[in-house]
Amino acid sequence: MSDSANTCTLCWQGSYINGICSHCGASSVSSENRRADALPLGSVLNNRYLIGDVLGKGGFGVTYSAWDNAAGKRVALKELFPSTSVYRAADRSTVGVIAAHKDYVDALKQKFEEEARLLEMLHGSCNVSTVYDCFSCNNTVYYTMEFLEGCDLKALRKRYGPLNWPTMEPILIDLLETLDQLHEKNLIHRDISPDNIFLTKDRRVILIDFGSARTYQGMQNFTVQKKDGFTPWEQIGSTRKQGPGTDFYALSATVYFLLTGELPPKAEDRVLNRKQLKPLKSLCPSVPEAAAAAIEKGMNVRIEDRFHSAKEYLAALSASASGREKKVPDTRDLPAEPRREPTVKTPEPIPVSSHVSGQDVWLYGLEGHYAGERRRLKPGERLLFGRLDSNTISFPVQTAGVSKVHCELYWDTGSGSVYIRDSGSTFGTYLNERRIGREWNVLRPGSRLRIGNQVFFLAATRKESL
C-alpha cells in the first residue's frame, strides 16, 4: 500500500489523480458523500484494519474494502448491521440497537459468528471465501475475508445478457463439485442465487454468503427463506424436509435464469398450478437435451423427484459433455470495480437551489415497492408515507422497516421548497443517508429519501422538457 494519504481506498495500490485512482480507475469517495450508515472513511478497527470504500450493503450488513496493517494486504471486512433494527450512535461508529429488537440482534450476532466459523472450517475443501479473522467491537461483530476481484453472476448477466451454454457449463460443474463437498459435511447452503455466485478474475467460481447455511440431518425446524424464483417449495415452510435437493433447486433455477434471462415462476405458483415452468429448450435451443433435462429435474417441485446427490447431477450432465476441456470463462475484461455500491440511473436534475417554483417536480422510485415508478408533485401537496391504506404513498402491510404512518412530504408554495419530516416512525427516515427527526428538512432536487428498503429520488425539470 502506498504511504500517501491519497491512497485509493478501494484497491489500496494506486493514488488518486484528479479524483481517479492511477491503478484501478476507481473514483474517490469523499467523507461528505459517504452513506451515513457506514463506518467513517479511515476508521481503524481492532487496532488493525483501516476502513476504506463500501463494497456493498444488504439488509443485514455492510461490506468494506479494508487494509490489514498486520498482514500488509487488503481484505474485505464484513460488519453486522441489520439496518431496520440498529442505528449509528453520535460517534458514527458505535452501533445502537432499538430496544424492542435487542433479542433479535443478539441472535443475529450469534448467527454471524457461526457463519464466520463455518467459512473457516470449509476453507481448503470448498470453493468459498477465505475467512481470516472474527472479532467484536462497536457493539457489533465483524469478520475479515479474502478480497475477491471479479463480479457476481447477477452483475455478469446484467452486463452481457443471458449466458450461453459453453460459458455456463463449466460454472455449473464447479458449483456442483463445491456442493458435493458441502453436502458431505452435512451442510446445505440454502441461499443459492446469481448474486451469491462470484466469478473471480483468476477464473475461480466462488460460492458466497453462508448466512443461511445449516446442517440438514436431524433438523426439525428451519428459518423460512424466500427469494422468488430461486427458493424451492419446501424452504417456504419451516417444518418441511430440506436437504441437498434444496440446493439443487436453487442452483438449477439460477442456471435457468442465467441461460434464458427469464425468472422461473415462484415455487408456490407451480405447486398450486397457477404457473408452470417453460421448457428450457424452448427458450434456449442451444442447450443440449441431456443438460436441459438435468436442469429441469433439479427444478422439480417435489424434493423427492430431484437429484439425491451432486454426483448424480454431475453424471446426468456428463451425457451432454462434448469431451472438450472445460474452462471457466476468462474474466479479465470484467469491470475493475464491480462490487462498488450499484448506481441507479435517474433523470439528471437541473442545477437549482431548494426553490422549485416554476418547475415540474418528480418523485422517482429507485428501490422497493415503487421502483421504476414516478409521481409528479403538485404545489401545496402533502404526501403521507406508510403501511396504512389511508396514506398517499402506501406500502404492503408486510413491508419491512416501514411504520403505519412513517413520514410526511410537503411542497410549500410560500417558500417554494419541498420539505420532509419523520412522523415518529420506529425505524427512521433517512435523507441522503442521514436520519432525520420530526423537524422539517428541505428535500432538494437530487436528494435521496430512504424508508427501510424503499428508496426515492427527487428531481426537478423545466416544464417544457417533458
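Student: At what angle to strand 14 does helix 3 run?
Tutor: In this predicted model, local features need pLDDT of at least 70 and side-chain atom pairs count only at pLDDT 80 or more, whereas totals for chains, interfaces and linings use all residues. Residues are numbered from 1 along each chain as its sequence is written, and side-chain values use heavy atoms, with hydrogens and water left out. Helix 3 (residues 165–184) lies across strand 13 and strand 14, helices (H or I, at least four residues) and strands (E, at least two) being DSSP runs numbered from the N terminus. With axes fitted to C-alpha atoms, for helices over the stretch in contact (heavy atoms within 4.5 Å), and angles taken from 0 to 180 degrees between N-to-C directions, helix 3 runs relative to strand 14 at about 45°.

Student: Which are the edge strands of the open sheet, and what is its average twist?
Tutor: The sheet has 3 strands in the order 11-13-14, with antiparallel pairing, where two strands pair if DSSP finds at least two bridges between them. Strand 11 (150–152) and strand 14 (205–207) are the edge strands, as each pairs on one side only. From one strand to the next, the twist averages 25°.

Student: Which residue in strand 13 is the bridge partner of Gly150?
Tutor: Strand 11 and strand 13 (residues 197–200) run antiparallel and are joined by 3 bridges. The partner of Gly150 in strand 13 is Thr200.

Student: What angle does the direction of helix 2 make with that of strand 11?
Tutor: Helix 2 (residues 153–160) packs on the sheet, where it touches strand 11 and strand 13. Between the directions of helix 2 and strand 11, the angle is about 95°.
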